[in-house]
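Thanks, everyone, for making the time. I would like to walk you through one structure this morning, taking the helices and the sheet in turn, so please keep the view open while I talk.

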Amino acid sequence: MKKKILIPIVTLAILVVSSSFKNDFFEIAKQLEIFTTMFKELNMNYVDETNPAELMDTAIKSMLEELDPYTQFMNEQDVEGFKINTAGEYSGIGAVVRNFEGKLLVIEPYKGYPADKAGLKAGDEIVRIGDTDVSKLKEEATELLKGSNKSDVTIQYKRQGVLKTTTVTRAEIEIDAVPYFNMIDQQTGYIVLSKFNSKAASQTKDALEELKSKGAQKIILDLRNNPGGLLTEAIEVCNLFVPKNELIVSTKSKVKKFNKQYHTRKKPVDTQIPLVVLINGRSASASEIVSGALQDLDRAIIVGAKSFGKGLVQRPIKLNYGTQLKVTISRYYTPSGRCIQSTDYWNRDDQGNAIVKKDFNEFHTRNGRKVYDGGGITPDITIDHLKDNSLTAALVENQVIFDYATHYYYNHPIKNIADFNFTNSDYQQFKSFVKSRGFSYQTNTEKALKKIMQSDEIDEYGPEIKADYQTLLDDMENSKLSSLDQYKASIQKNIEDELIVRYFYRDGLYDYYLKNDQAIAKSTVLLNNPIKYQQVLK
């Protein structure tokens with residue numbers, strides 16, 4: 001057993017050696033020999049019984065943490081999840097499920113799929129799957145929800161403190177890259193592209209052609225919250241709007257074979273239709289390739305908030321026993337030559353933290369407009385409430401907004417989307433909910449100040465300076481709840497989005513957007529003003 005676990009190390013050694021410079025060969029071989037010997041002696045001689053698989057998993061992940069967060073070791077379960085994300089198909093219950101603070105929560109059941117038909121709702125805590133107690137498992141609990149088509153699984157769950165049981169019949173689940181498209185008005189079409197899986201380009205094309213057949217003479221392409229995906233799909237989506245043989249993106253790497261230029265290869269659908277692309281801080285990777293290329297080529301006006309800033313390209317490399325290494329192989333560059341990667345993982349500060357780029361280089365679009373590298377794609381027209389801020393991000397990440405939406409849903413029955421109205425009174429109740437949760441988060445400034453307070457250097461400045469630092473920290477903590485008013489527009493939008501999905505599913509959210517979303521409204525006005533549209537591009 002212990003000898004077999006060493007085989008992946010040999011395979012990894014071959015992989016690393018084959019892709020490295022020749023003058024690194026000796027150092028790599030030396031370090032691998034040291035590690036292999038140490039690993040063997042540790043497992044043979046340690047006072048207690050060891051788990052070689054867990055030790056190796058920890059060792060690999062710790063090693064990769066020194067690089068960027070996108071270079072990851074994937075075990076067999078991770079590989080299966082990766083295939084689902086790229087292929088867009090699997091067999092299961094049809095719901096987004098997340099592990100959070102030791103609980104397995106239903107985040108969103110897909111309309112009409114097994115979980116929805118069985119009565120599961122967002123906020124339900126799954127406690128037992130079949131005969132298995134979920135609390136005894138970790139991330140692998142979600143794997144129990146998958147299974148063969150038409151197979152049954154019994155799920156026990158808690159809802160508002162009440163224990164319930166249901167039986168879910170698994171089915172084939174198809175994850176649409178384009179979950180929604182519709183006409184905003186008689187001349188303006190709206191397409192939501194939520195991810196770049198293998199269906200992204202074909203579904204976007206189908207949506208575009210159907211909208212044009214309904215009279216669309218202008219298009220809004222919504223890439224907000226799209227985390228990216230397949231590079232090839234991003235290029236083909238651009239190809240729908242730009243001519244054949246147009247450069248969309250290039251990649252540069254230390255490995256020559258990964259240095260490539262990617263051009264459009266097909267006949268476009270429409271190179272003239274006025275186009276607006278919506279982005280926000282959660283638009284990343286392939287979303288940034290599309291928005292950046294269309295901006296550089298002056299083919300679209302970008303509206304919203306600055307994108308995430310991921311200019312790195314990953315490639316999965318197969319290892320032994322069904323595992324893979326998803327490794328960053330290159331950086332990508334938009335047609336103007338800019339790389340929009342915002343975080344420098346290869347140069348770190350004194351505390352070992354990756355450096356966020358602050359100095360930007362100027363580039364130019366085809367028409368001569370100024371654009372900049374680093375820090376994501378900056379929109380041509382900014383929507384303030386879509387801008388990222390640490391408070392809103394913390395409320396989302398810590399599921400405070402999610403939990404409030406669960407509380408609100410069961411206390412405010414709403415049957416028609418026209419009746420939905422999140423009032424100022426509701427927002428005040430949300431603020432009270434945040435206070436009752438004892439919610440707290442740390443800004444980067446606070447983290448830096450606390451590091452100073454914990455260091456020996458602070459004592460060198462005397463008790464008065466130390467007291468001033470502590471007072472500043474206390475003031476910052478007290479001011480956080482007042483920030484709930486400062487960032488009300490951003491926070492309220494996130495609350496409303498979460499609530500509408502609870503009541504009316506994802507389709508209901510996009511229906512609501514058509515009449516109530518500020519970014520869509522502003523984009524529609526822009527598209528209805530050809531002179532203003534051309535002025536922005538020139």
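This is a predicted model: local features need pLDDT of at least 70, side-chain atom pairs count only at pLDDT 80 or more; totals for chains, interfaces and linings use all residues.

**A covered helix and an open sheet**

Let me begin with helix α10, residues 400-409, where 8 of the 10 residues are buried, so the helix is largely enclosed by the rest of the structure. The buried residues of α10 are Val400, Ile401, Phe402, Tyr404, Ala405, Thr406, Tyr408 and Tyr409, and they pack against β4 (103-109), α9 (390-397), α11 (424-436) and α16 (488-516).

The axes of α10 and α16 come within 9 Å and cross at roughly 50 degrees. An angle of 65 to 115 degrees would count as roughly perpendicular and one under 35 degrees as roughly parallel, so α10 is oblique to α16. The crossing of the two helices, α10 and α16, is right-handed. On the α10 side, the residues that meet α16 are Ile401, Phe402, Tyr404, Ala405, Thr406, Tyr408 and Tyr409, while α16 contributes Ile491, Asn494, Ile495, Glu498, Leu499, Arg502 and Tyr503. Sorted by class, this contact between α10 and α16 has 10 nonpolar, 2 polar and 2 charged residues.

Now to the sheet. Which strands form it, and in what order? There are 6 strands in an open sheet, running β10-β11-β12-β15-β16-β23, with mixed pairing. At the edges stand β10 (180-183) and β23 (381-382), each of which has a single partner strand, so one side of each is left without a neighbour in the sheet. Strand β16, residues 301-304, pairs with β23 in the parallel sense over 2 bridges, and there Gly304 stands opposite Thr382 in β23.

Two helices pack on this sheet, and I will take them one at a time. Helix α6, residues 200-213, touches β10, β11 (188-192) and β12 (218-222), and its direction makes about 165 degrees with that of β11. Helix α8, residues 286-296, touches β15 (275-279) and β16, and its direction makes about 140 degrees with that of β15.

How much of α8 is buried? For this helix, α8, 11 of its 11 residues are buried, among them Glu288, Gln295 and Asp296. What covers the buried residues of α8 includes the strands β15 and β16, and also α7 (231-239), β13 (247-252), β18 (324-333) and β22 (370-372). After α8 comes Asp298, whose phi is positive, near 55 degrees.

Definitions and conventions
Residues are numbered from 1 along each chain as its sequence is written. Side-chain values use heavy atoms; hydrogens and water are left out. Buried means under 20% relative accessible area, exposed over 50%, partly exposed in between (1.4 Å probe, protein chains only). Helices (H or I, at least four residues) and strands (E, at least two) are DSSP runs, numbered from the N terminus. Contact means heavy atoms within 4.5 Å. Two strands pair if DSSP finds at least two bridges between them. Axes are lines fitted to C-alpha atoms, for helices over the stretch in contact, and angles run from 0 to 180 degrees between N-to-C directions. Angles under 35 degrees count as roughly parallel, over 145 as roughly antiparallel, 65 to 115 as roughly perpendicular and the rest as oblique. A crossing is left-handed if the near helix is turned anticlockwise from the far one by less than a right angle, and right-handed if clockwise. Ala, Val, Leu, Ile, Met, Phe, Trp, Tyr, Cys and Pro count as nonpolar, Asp, Glu, Lys and Arg as charged, and the others, Gly among them, as polar.
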